[in-house]
Amino acid sequence: MSVARNLVWRQQAACRGVDSKIFYPLTEEEAQEAKFICAQCTVRKACTEYAMRNYERNGVWGGMTERERRRIFRQRRQSA
Ligand code: SF4
């Protein structure tokens, strides 16, 4: 599958056109606005998997902060 095809889900992202700064909060509390948008996003699962596969270190992806993704990543590693 081509890279472009892999990223088709981005065209349906609820965050399209939204100020990207919202998705790079400095604190967990500041992440609430991004999480609210993600909660309404129809491609949340694809976004989450993209972030996990690419070890995205910064920002809110799939409604999760970096800290929350690290936790999921550790759980996956332990159950593998
Ligand atoms: S889940 Fe959140 S960050 Fe991911 S595409 Fe949807 S709105 Fe954007």
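Helices here are DSSP runs (H or I, at least four residues), numbered from the N terminus.

A word on the model itself. It is a predicted one, in which local features need pLDDT of at least 70 and side-chain atom pairs count only at pLDDT 80 or more, while totals for chains, interfaces and linings use all residues. Residues are numbered from 1 along each chain as its sequence is written. The chain averages a pLDDT (the predictor's confidence in each residue, from 0 to 100) of 92, and 94% of the residues score at least 70. Where pLDDT is low, the predicted coordinates should not be read in detail.

Now for the core. The largest nonpolar core holds eight residues: Ala31, Ala34, Cys38, Cys47, Ala51, Val60, Trp61 and Met64. Such a core is a set of buried Ala, Val, Leu, Ile, Met, Phe, Trp, Tyr and Cys residues joined through C-beta atoms within 7 Å. Here too, α2 and α3 are the elements that give two or more residues. Cys38, in helix α2, counts as buried because 22 other C-beta atoms lie within 10 Å; the cut-offs are 20 or more for buried, 12 or fewer for exposed, and partly exposed in between, with C-beta atoms placed from the backbone. Not counting residues up to four places away in sequence, Cys38 touches Ala14, Arg44, Val60, Gly62 and Gly63, a contact being two C-beta atoms, placed from the backbone, within 7 Å. With the same exclusion, Met64 touches Thr48 and Arg69.

Phe23 sits in the loop between α1 (3-6) and α2 and is partly exposed, because its C-beta neighbours inside 10 Å number 19. Leaving aside neighbours within four places in sequence, Phe23 is in contact with Cys15, Ala34, Gly59 and Val60. Phe23 and Ala34 are 11 residues apart in sequence, with 5.5 Å between their C-alpha atoms. Gly59 belongs to the loop between α3 and α4 (66-79) and is partly exposed, because it has 18 C-beta neighbours inside 10 Å. Besides Phe23, Gly59 is in contact with Tyr24, again leaving aside neighbours within four places in sequence.

Tyr55 lies in the loop between α3 and α4 as well. Its phi is positive, about 50 degrees, although Tyr55 is not a glycine. Tyr55 is exposed, because 9 other C-beta atoms lie within 10 Å.

That leaves α4. This helix has 14 residues and reaches 20 Å from its first C-alpha to its last, close to the 20 Å expected at 1.5 Å a residue, the expected span being 1.5 Å times one less than the number of residues. α4 is hardly covered, with one buried residue among its 14.
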